[in-house]
Amino acid sequence: MAHSVLIAAPDQTTTYELRALVGELDDFTVVDVVESSATLAETIAQREPEIVLIHEQLGPTPVPQLIREITARRPGVALILLSEEFSPEVFSSAMDAGARGVLRYPTSLEDLGTRLTATAEWVTQMRRHLSSDTNDNEGSTRGRLVAVAGAKGGVGTTTLAVHLAHLAVTRVAGRSVCIVDLNLDNGDLADFLGISHRLDISDLAKVADDLSAQTIGSAIHRGPTGLATLVGPARIEDVGEVGDRETVLILAALRRQFDIVIADCGSSVTPASAAAVETADEVLLVATPDVLALRGVHHITESWKRLGARTVETVKVVLNDVSRDSDIQPDTASRLLPSAPLGTWLPSLQKSLQHGLNHQDPEFVRAPAWWSKIEVLAAELGVLPPGTVKLTDGAPRWSLMKPRADKPRKPKKSRRSRKTAQAEAGQATLEFVGMFPLILLILIVLWQVGLWGVSAAYAGHAADEAARAAGLGMAESEVRDQALDVVPGWFRGGMRVDVDAPDHVVTVRSNLPILFPSVSIDGLHYTSEVPIIEEDQ
Ligand SMILES: Nc1ncnc2c1ncn2[C@@H]1O[C@H](COP(=O)(O)OP(=O)(O)OP(=O)(O)O)[C@@H](O)[C@H]1O
Ligand SMILES: [Mg+2]
């Protein structure tokens, strides 16, 4: 199959010449041409070319800046700069920006063919490498980016982003994890984690073209678990510093430094959040089971599609705050969504989550049922390495007893974590003590019902036996003895056998015991009547 090429040149003559040249090469086909940098990113998103031939005079955005943005956003696309001047300076500035090569323009068919062939080989290898990254992030030099967005405000986006990041950093020792607040004008990540830091994302945005590991290091805050946090703009006037270009460059720099990068994108579609959604390996869209949030899923996925950021099929929708009392249950919700949500949903656990909020630390959320769900979610998103978690089908399971799951493992056992474990053991004991009267009551009721069942069976059996004896013409006392013989001793005391010869019926009446076989009250009895059938002796 021919390799796809996009031509970006400043005028029609140049694009025409280049199109004609590429058209002469059998292995390459021109998928589109653009004459302005303004439409370049959008055309690349739509056409997904393997190679972009970019002329140095394309404007208005300076070409090195364009190359830097495109390579950060689309690592699987190769850019070749066409330059009239072929100096070492031009070459090194193009390569520094991320171009795959430089060609003197005007170029010969032979030079163009050689350069395109070499670049196409690189693209093939790069794309293979990137697709294996998506399946297995181990050993990759590119960290995994997960964008978490909300279908509307207040659905638990930040809660899930923070808890996924907390789990990722505490569950697997040695993993570097960074969480970024991209809910720029409304973010509260710093409050969630009790962080105040001198620098924020807008400081990185100001130097987005020159992001060194050191610059990133000074802008992030490191918590006691090792979680790195890049907080949102502290001042509203700095929000404008973080556009889509800056976001792409910052996220690309973070991915070079961290194994996992989680972005809290909030619930508004902004240039920054759309850029994160576009470049992310996985997008988690959080919704609650109510009409507004479910409609929000439609709105936000349509917006992403219109912007060319992502299609709905590549978005993972998760339901949060699900309770038995909700009008809309997960099964119904999935019918109201544009694509099926994940089988895993998060239960409504206001009290436990508030504990974490009030201490500004997810460690204080001590609900194993919650963490086991977050674990499954993390595995679905590739935040935990494969095999760390046994995936369940996520089907709703309401039970009397709270499900128990493994507590997320810590890199090392601190005194605090031991205290936490003791506190949990104490909590489990308290839960059992609280449940004990209910369990006892259920056992008593079961015992009583069983006792009455056995009594009724004995009375019926005795009546059968008495009717058989009476049918054989035995005397009334013998009939009574036959009936008493077939029941145990404890039952005989409360049992009375009557033979009604004229009516041809035997009646056995027995007292019904209360809790103990020999205890009964007047008026509570069971009667069994069996007709006498005369038999030949
Ligand atoms: N599963 C849940 N059960 C009960 N309460 C929840 C649940 N998930 C989140 N909450 C609560 O809902 C509130 C809002 O959560 P959060 O801040 O994470 O939402 P958000 O979508 O990030 O909101 P915003 O749009 O303001 O950024 C918090 O008090 C949080 O504890
Ligand atoms: Mg939030």
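Mentor: Two strands pair if DSSP finds at least two bridges between them. This is a predicted model, where local features need pLDDT of at least 70 and side-chain atom pairs count only at pLDDT 80 or more, while totals for chains, interfaces and linings use all residues. Residues are numbered from 1 along each chain as its sequence is written, and chains are lettered from A and ligands numbered from 1 in the order in which they are written.

Trainee: How many bridges join β6 to β10?
Mentor: Strand β6 covers residues 144-150 and β10 covers 260-266, and the two run parallel. In this pair, Val 148 stands opposite Asp 264 of β10. The number of bridges joining β6 to β10 is 6.

Trainee: Which strands sit at the edges of that sheet?
Mentor: It's an open sheet of 7 strands with mixed pairing, ordered β8-β9-β7-β10-β6-β11-β12. An edge strand pairs on one side only, and that picks out β8 (221-222) and β12 (315-319).

Trainee: And the whole protein: how many helices and strands does it have?
Mentor: Helices are DSSP runs of H or I with at least four residues, and strands are runs of E with at least two, numbered from the N terminus. On that count, the protein has 18 helices and 15 strands.

Trainee: Which element gives the most residues to the shell around ligand 1?
Mentor: The shell has 21 residues (C-beta, placed from the backbone, within 6 Å of the ligand), and the closest are Gly 153, Gly 156, Thr 157, Thr 158 and Thr 159. Elements giving two or more residues are α6 (157-171) and α14 (350-358). The top contributor, with 4 residues, is α14.

Trainee: Why does Val 33 count as partly exposed rather than buried?
Mentor: Val 33 belongs to strand β2, residues 28-34. Buried takes 20 or more other C-beta atoms, placed from the backbone, within 10 Å, exposed takes 12 or fewer, and partly exposed is in between. Val 33 is partly exposed because its count of other C-beta atoms within 10 Å is 18.

Trainee: How far is Val 33 from Val 5 in space?
Mentor: Leaving out residues up to four places away in sequence, Val 33 touches Ile 7, Thr 15 and Arg 19 (C-beta atoms, placed from the backbone, within 7 Å). Val 5 is 28 residues away in sequence, and the C-alpha to C-alpha distance is 8.9 Å.

Trainee: What share of the protein's contacts between residues at least 6 apart in sequence join residues at least 24 apart?
Mentor: For background, 39% of the 537 residues count as buried. Among contacts at least 6 apart, the share joining residues at least 24 apart is 71%.

Notes: Contact = placed C-beta atoms within 7 Å.
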